[in-house]
Amino acid sequence: MTQKVLVTGGTGFVGAALITRLLGSDICVVAPARKALPVSSAKLETPMITDITTLSQQTDLFADCDVVVHVAAKAHAVGVPLEQFRLINTQATVQLAQAAAAAGVKRFIFLSSIGVNGIATTRPFTAADIPAPVEDYARSKLEAELALQQLAAKTAMQLVIIRPPLVYGPDAPGNFGKLAKLAQKNLPLPLGAVQNKRSLIALDNLIDVIVTCIDHPAAANQTFLVSDDDDISTTQLLELITRAAGKTPRLLPVPVSWLRLAAKLTGKQAIIDRLCGNLQLDISHTRQTLGWTPPVSVQQGITRCFINEEVC
């Protein structure tokens with residue numbers, strides 16, 4: 001029997017890739033959106049909506065849907081108050097899940113964030129760690145997780161929570177996109193001596209684990225941390241990006257202590273903390289529970305960003 005999956009955020013970086021992957025399988029997709037999607041198929045329904053906050057009111061969209069994959073979120077926003085993050089990432093999410101449960105949807109997959117665990121590690125985060133969000137975006141995601149868990153405990157709908165770190169791929173938004181543009185300019189950068197460890201996830205790997213969670217019986221009511229399972233330093237990342245862009249890295253081995261001092265003097269500590277700090281994920285629970293292995297290596301994932309000589 002053909003499955004029917006509703007995907008939110010279908011015009012975004014992750015949502016668009018997920019829909020493309022699903023349409024290549026024996027799955028029908030409902031992708032409500034505010035503007036036309038770049039793909040079309042006999043297996044794709046694209047009802048127009050005014051806003052994600054009103055989607056839960058359009059109960060007909062959930063008819064015959066087996067799974068909802070909730071990707072849409074408010075992110076990459078600077079200076080936004082917590083209440084605005086909550087409106088989209090918490091309230092709209094919970095309302096969507098309530099409507100899905102009432103319509104008989106079997107499983108709700110929520111794309112959360114590793115920011116729920118925190119922004120830095122002295123040891124790799126695990127799914128069992130006590131959440132410690134620092135930023136408002138992550139706080140709104142944690143509040144959604146907790147509300148969804150309460151809803152799942154009271155209904156027959158299963159819940160799957162996925163917490164990715166930085167996601168990279170062709171035309172990636174956010175910090176990776178900025179790094180890719182910087183690498184393409186190939187300016188000398190004082191980041192040649194950073195020996196930190198950070199977990200990342202290629203877009204293809206994230207899509208693969210989401211698709212795995214759609215019907216894997218062991219995924220029910222689980223929280224999964226996901227990554228490429230190959231942590232690298234900022235220096236290594238910049239070298240990979242620069243070479244993938246067809247250029248020779250020009251990274252100066254400036255001591256990290258100097259970078260931190262300069263950041264303190266200029267008020268840029270947060271930027272240096274991200275560039276020089278550790279953020280590692282332990283995905284052993286995900287591997288063991290789902291029998292999942294990232295299909296794409298870091299090298300492959302970075303290379304795919306520049307196949308068409310476009311900046312991520």
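**Entry 1: strand 6 and its neighbours**

I began at Ile162, which stands opposite Phe224 in strand 9. This is a predicted model, and I read it as such. Strand 9 covers residues 222-225; strand 6 runs parallel to strand 9, joined by 4 bridges.

Next I looked at strand 5, residues 107-111. Strand 5 also pairs with strand 6, in the parallel sense, over 5 bridges. I picked out Phe110 and found its bridge partner in strand 6, Ile161. I then traced the link from strand 5 to strand 6.

Is strand 6 mostly covered or uncovered? I noted it as mostly covered: 5 of its 6 residues, in the run 158-163, are buried.

**Entry 2: the nonpolar cores**

I turned to the largest nonpolar core, which holds 70 residues. Which members touch the most others? I found Val69 and Leu206. Helix 5, residues 203-215, gives this core its largest share, 8 residues. Apart from this core I noted another, of 25 residues, including Phe108 and Leu148.

I listed what Val69 touches, leaving out residues up to four places away in sequence. Among them are Val5, Leu6, Val7, Leu18, Ile109, Ile210 and Ile214. Thr8 is on the list too.

**Entry 3: Asp208**

I went back to helix 5 for Asp208, which is found there.

How values were computed: Residues are numbered from 1 along each chain as its sequence is written. This is a predicted model: local features need pLDDT of at least 70, side-chain atom pairs count only at pLDDT 80 or more; totals for chains, interfaces and linings use all residues. Side-chain values use heavy atoms; hydrogens and water are left out. A nonpolar core is a set of buried Ala, Val, Leu, Ile, Met, Phe, Trp, Tyr and Cys residues joined through side-chain atoms within 4.5 Å. Buried means under 20% relative accessible area, exposed over 50%, partly exposed in between (1.4 Å probe, protein chains only). Helices (H or I, at least four residues) and strands (E, at least two) are DSSP runs, numbered from the N terminus. Contact means heavy atoms within 4.5 Å. Two strands pair if DSSP finds at least two bridges between them.
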